[in-house]
Amino acid sequence: NHDNNNTNNNNDYKNYHPINLQCKRYHFHEFMIQIHQRIHTYKSLHPKSDPIPSISAQIAQEARILCFDEMQITDIADAMIIKRILTLLLDLGVVVVTTSNRPPCGLYEGGINRAVFMPLVDVMRERLIVVEMGEKVDYRKEKGLMEESLLLNSSSSSDDNVALLPSYLVTSSNSELNVKELLSEWFVRGGGTERQEKVPVAMGRIINVKRANDSCAWFSFGELCHQPLGAADYIAIAERF
């Protein structure tokens with residue numbers, strides 16, 4: 001009897017049908033860029049109306065399960081917006097799954113007017129299940145990783161499959177690589193003629209790229225890191241190239 005019951009229980013799954021729920025996954029920065037675009041569009045049509053309830057309802061219609069990668073809040077405007085939107089989404093029955101490098105109590109830590117943001121932390125503690133992964137190994141520091149990453153794609157490789165892999169260049173004190181020459185070879189692989197290009201960014205802005213071709217861009221450190229660029233700019237660059 002025990003065996004029979006076990007067999008019946010194991011076959012019970014055949015009586016169930018998969019739940020067909022719309023699911024959407026975003027990097028958190030991409031999600032916030034979309035939210036700002038929706039707010040801009042809404043306010044252009046309804047300048048005196050509050051856009052957040054309407055936008056939250058739209059998102060709830062588009063996805064019943066909403067997944068975020070790397071939730072991070074560093075801006076007071078984003079803090080206020082996400083506080084309201086997440087609370088409304090949970091009220092509308094949307095299942096929210098998110099990853100973060102910080103626990104809920106650490107979000108927007110040290111931010112301006114953080115006390116106004118704290119009610120969302122209480123909501124997350126009460127209505128979400130917080131799981132700490134607790135992995136103590138930093139795999140980026142594993143021995144041998146830097147040596148293996150020194151040159152993933154050598155320009156002398158004739159293997160087409162290798163040529164399609166992402167390339168990483170890590171310089172070290174004992175490296176004999178001519179970095180500038182190697183980067184030039186990689187840049188040429190992008191195809192087409194070298195040119196300047198204007199890359200469109202969300203909300204109507206543009207990024208001026210001084211060196212570009214069909215599928216590759218060449219930036220100096222200063223062009224990327226000493227300019228007032230944000231997540232939207234880097235996402236636009238990554239999508240274009």
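1. Let's begin with the open sheet: three strands form it in the order β4-β5-β6, with antiparallel pairing. Strands count as paired if DSSP finds at least two bridges between them, and the elements themselves are DSSP runs numbered from the N terminus (helices: H or I, at least four residues; strands: E, at least two). β4 (195–200) and β6 (217–218) are the edge strands, each with a single partner, so one side of each has no neighbour in the sheet.

2. A word on the source: this is a predicted model, in which local features need pLDDT of at least 70 and side-chain atom pairs count only at pLDDT 80 or more, while totals for chains, interfaces and linings use all residues. Residues are numbered from 1 along each chain as its sequence is written, and side-chain values use heavy atoms, leaving out hydrogens and water.

3. Back to the strands: β4 and β5 (residues 206–212) are joined in the antiparallel sense by five bridges. E197 has V209 in β5 as its bridge partner. E197 counts as buried at 17% relative accessibility (buried is under 20% relative accessible area, exposed over 50%, partly exposed in between; 1.4 Å probe, protein chains only).

4. The side chain of E197 also meets that of R195 in a salt bridge at 3.9 Å, N to O (a side-chain nitrogen of Lys or Arg within 4 Å of a carboxyl oxygen of Asp or Glu). Salt bridges with shared partners link R195, E197, D214 and R240 into one network. R195 is partly exposed, with a relative accessible area of 28%.

5. Helix α10 (residues 231–240) lies across β4 and β5, at about 120 degrees to β4 (axes are lines fitted to C-alpha atoms, for helices over the stretch in contact, and angles run from 0 to 180 degrees between N-to-C directions). Its buried residues are A232, D233, I235, A236 and I237. They pack against α2 (28–45), β4, β5 and α9 (221–225), where contact means heavy atoms within 4.5 Å.

6. The structure holds twelve salt bridges. One of them joins the side chains of K24 and E62 at 3.8 Å, N to O. K24 lies in β1 (residues 23–27) and E62 in α3 (residues 51–62), so this pair ties together parts 38 residues apart in sequence. K24 is partly exposed at 27% relative accessibility, and E62 is partly exposed with a relative accessible area of 27%.

7. E109 is exposed at 55%, whereas R102 is partly exposed at 44%.
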